[in-house]
Amino acid sequence: MDKRHRLTIDEPWDFREPGGGIWARGAGLVEGPGLPNWQERYYLLDLEAPFLVDGERVWQVVCAPRYSGDALEKALTGDCVVGIARVREQRSLAPGEAFAADDVSYFAIGRIAPAGV
């Protein structure tokens with residue numbers, strides 16, 4: 001995958017993006033925890049410049065469409081709203097891997113747009 005994306009955070013309202021915005025490289029797809037209210041697949045992104053949320057370093061995030069009916073493929077074009085969860089600092093995910101609910105912490109709503117859009 002390795003495409004460059006810009007993440008835009010819409011909520012929480014008081015979130016302050018790091019200077020220069022949030023840029024990430026698409027790592028690939030990962031499998032959700034298989035629990036109610038969780039998506040089957042998520043897009044894994046490796047942040048180019050980690051930042052702090054609630055005192056934890058964020059360097060990977062997983063994203064999936066927020067609303068039913070939106071496809072993950074649509075989310076990768078910036079055409080739909082996504083839920084964004086940070087991968088916990090002590091955890092690392094790789095494409096194709098499944099993660100447990102405790103491996104991530106939901107923290108934002110926003111969009112993923114390919115670089116240049």
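I began with strands: helices (H or I, at least four residues) and strands (E, at least two) are DSSP runs, numbered from the N terminus. Two strands pair if DSSP finds at least two bridges between them.

**Entry 1: the model.** I noted that this is a predicted model, where local features need pLDDT of at least 70 and side-chain atom pairs count only at pLDDT 80 or more, while totals for chains, interfaces and linings use all residues. Residues are numbered from 1 along each chain as its sequence is written, and side-chain values use heavy atoms, with hydrogens and water left out.

Entry 2: I traced the strands next. They form a closed barrel of six, in the order 1-2-3-4-5-6, with antiparallel pairing. On average, neighbouring strands of this sheet are turned by 50° against each other, direction ignored. For such angles, axes are lines fitted to C-alpha atoms, for helices over the stretch in contact, and angles run from 0 to 180 degrees between N-to-C directions.

I then went through some of the pairs. Strand 1 (residues 4-11) and strand 2 (residues 22-31) are antiparallel and share four bridges. I looked up R4 there and found R25 of strand 2 as its bridge partner. Strand 2 also pairs with strand 3 (residues 41-53), antiparallel, through seven bridges. In that pairing, L29 stands opposite Y43 of strand 3. Strand 5 (residues 82-87) and strand 6 (residues 104-114) run antiparallel, joined by six bridges. Here I found R86 opposite S105 in strand 6.

**Entry 3: the cores.** I used two cut-offs. A nonpolar core is a set of buried Ala, Val, Leu, Ile, Met, Phe, Trp, Tyr and Cys residues joined through side-chain atoms within 4.5 Å. Buried means under 20% relative accessible area, exposed over 50%, partly exposed in between (1.4 Å probe, protein chains only).

The largest nonpolar core has 22 residues, and L45, F51, V61, I84 and F107 touch the most other members. Strands 1, 2, 3, 4 (56-65), 5 and 6 and helix 1 (72-75) each give two or more residues to this core. Strand 3 provides the largest share, five residues. Another core, of 10 residues, lies apart from it; Y42, L44, A64 and V87 are among them.

Not counting residues up to four places away in sequence, I84 touches L7, I9, V61, V62, C63, Y106, F107, A108, I109 and G110.

**Entry 4: salt bridges.** A salt bridge is a side-chain nitrogen of Lys or Arg within 4 Å of a carboxyl oxygen of Asp or Glu. I found 10 by this rule.

E48 and R4 meet in one of them, at 2.8 Å from N to O. The two lie 44 residues apart, E48 in strand 3 and R4 in strand 1. E48 counts as partly exposed because its relative accessibility is 39%. R4 is also partly exposed, at 31%.

Which residues form a network of salt bridges? I found D54, E56, R86 and R88 linked in one. Within it, E56 bonds to R86, with the closest N and O atoms 3.1 Å apart. E56 is in strand 4 and R86 in strand 5, 30 residues apart. At 18% relative accessibility E56 counts as buried, and at 4% so does R86.

E56 also forms a salt bridge with R88, at 3.6 Å between the closest N and O atoms. R88 lies in the loop between strand 5 and strand 6, so this pair ties strand 4 to a part 32 residues away in sequence. R88 is partly exposed, at 23% relative accessibility.

Methods. Contact = heavy atoms within 4.5 Å.
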